[in-house]
Amino acid sequence: MSDPQDFCQPGHIYRDGVRWAFRCDMITTHPEDGERTALGWRLFKGEWTPYAYSEDDWGIVSACGFSDIETVDGLPALVTAEELSAMRARLAELEALKPAPIQECRKCGAGYDYGQPCSNCAFQAKMAGLASQPEESR
């Protein structure tokens, strides 16, 4: 049997970039030739499915950058700590942006103060409400 470092290990999650991950649950061997097969679950397009990798598969995928990854609450961390840090910095940058103080109403095109209802639309709605009331109730 070959060195365990040249094949995935039970309890580890491996990934290839951010496209998919594989959680190895156990290793089994072929009864005649002893070839190892990793049994576990693959996360692809947001869905976990049962999956198996033979030693031949392992050679191909490890050459493509298949690497052991950390987990967060038992789920694969599909981004590195550096990528996560960069994403958090960008999010803080975006949250610091303030919208323009004067917004354009999507309904009527009038300008209005950010965070307030469009005064033109409010006026038009009030006028429509008054116009629909009978003359003597005004």
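This note goes through the fold, one hairpin and one surface patch.

1. Basis. The model is predicted, so local features need pLDDT of at least 70 and side-chain atom pairs count only at pLDDT 80 or more, while totals for chains, interfaces and linings use all residues. Residues are numbered from 1 along each chain as its sequence is written, and side-chain values use heavy atoms, with hydrogens and water left out.

2. Fold. The chain has three helices and nine strands. Both are DSSP runs numbered from the N terminus: helices are H or I with at least four residues, strands are E with at least two. Their order from the N terminus is β-β-β-β-α-β-β-β-α-β-β-α.

3. Burial. Of the 138 residues, 19% are buried. Buried means under 20% relative accessible area, exposed over 50%, partly exposed in between (1.4 Å probe, protein chains only).

4. Strand 3 (residues 36-44) and strand 4 (residues 47-54) pair in the antiparallel sense over eight bridges. Pairing requires at least two DSSP bridges between two strands. Leucine 43 stands opposite tryptophan 48 in strand 4. Two residues lie between the strands, and lysine 45 takes a positive phi near 55°.

5. Surface patch. Phe123, Met127 and Leu130 make a nonpolar patch of about 270 Å². Patch residues have over 30% relative accessible area and no salt bridge; like charges are joined within 9 Å, nonpolar side chains (Val, Leu, Ile, Met, Phe, Trp, Tyr) within 5 Å. A salt bridge puts a side-chain nitrogen of Lys or Arg within 4 Å of a carboxyl oxygen of Asp or Glu. Methionine 127 is in helix 3 (residues 119-131). Methionine 127 counts as partly exposed because its relative accessibility is 39%.

Technical notes
Accessible areas come from the Shrake-Rupley method with a 1.4 Å probe; for residues, only the protein chains shown count as cover.
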